[in-house]
Amino acid sequence: MNMDIEKNEFDSEFSSVKYMSEDNIVFLTWKKFCCYDDYRNPTTFALKLLKKYPNSNFVVDARNGFEDEKEDTEWGFSILLPAMSNTDCKKVVFIMNEINEIEEEMDMWTKEFMKYFTVKKVKCYEDAVKFTYR
């Protein structure tokens, strides 16, 4: 696992997180199923980047998505999202495949994120950038 807050990058076999300076976006890409620290470390790193970069937005590439472990979902809803809401991030975008086997899971996360942010689902990174500039 490579985690470098100075370079604004986190990379593991499960995910990558990168600050996209040209778009002022914290970009999290899920590569494959993970749970517990393998899930929480990249999301916590993304939170640190949202705090570090004023008015940045959060984009999640969920095309390789998976259903979360119950404990990770509870942690996300009770710890991560409230902490993210204390940043000045306003928009969260999920990049998803048109046909998605985790639609129910993503709807649950979308609903929870909507308590704090403006949320949209798109098909590609370019669409996510367009949405964050509105």
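In the predicted model, helix α1 covers residues 37-52, and its length can be checked against expectation. At 1.5 Å a residue, its 16 residues should span 22 Å; the C-alpha atoms at its ends lie 22 Å apart, so the two values agree. Several residues of α1 are buried, namely Tyr-39, Pro-42, Thr-43, Phe-45, Ala-46, Leu-47, Leu-49 and Leu-50.

The largest nonpolar core consists of 31 residues. Within this core, the residues with the most contacts are Val-17, Val-26, Phe-58, Met-84, Val-92 and Phe-113. At least two core residues come from each of the strands β3 (15-20), β4 (25-30), β5 (57-61) and β6 (91-95), and likewise from each of the helices α1, α2 (70-85) and α3. Helix α1 provides the largest share, with six residues.

The surroundings of Phe-58 were examined with residues up to four places away in sequence left out. On that basis, Phe-58 touches Val-26, Leu-28, Ala-46, Leu-50, Met-84, Cys-89, Lys-91, Val-92, Val-93 and Phe-113.

Helix α3 spans residues 103-113 and contains Thr-110. The relative accessibility of Thr-110 is 10%, and this residue therefore counts as buried, since the limit for that class is under 20%. When neighbours within four places in sequence are set aside, Thr-110 is in contact with Phe-94, Val-119 and Lys-121.

Key. Residues are numbered from 1 along each chain as its sequence is written. This is a predicted model: local features need pLDDT of at least 70, side-chain atom pairs count only at pLDDT 80 or more; totals for chains, interfaces and linings use all residues. Side-chain values use heavy atoms; hydrogens and water are left out. Helices (H or I, at least four residues) and strands (E, at least two) are DSSP runs, numbered from the N terminus. The expected span of a helix is 1.5 Å times one less than its number of residues. Buried means under 20% relative accessible area, exposed over 50%, partly exposed in between (1.4 Å probe, protein chains only). Contact means heavy atoms within 4.5 Å. A nonpolar core is a set of buried Ala, Val, Leu, Ile, Met, Phe, Trp, Tyr and Cys residues joined through side-chain atoms within 4.5 Å.
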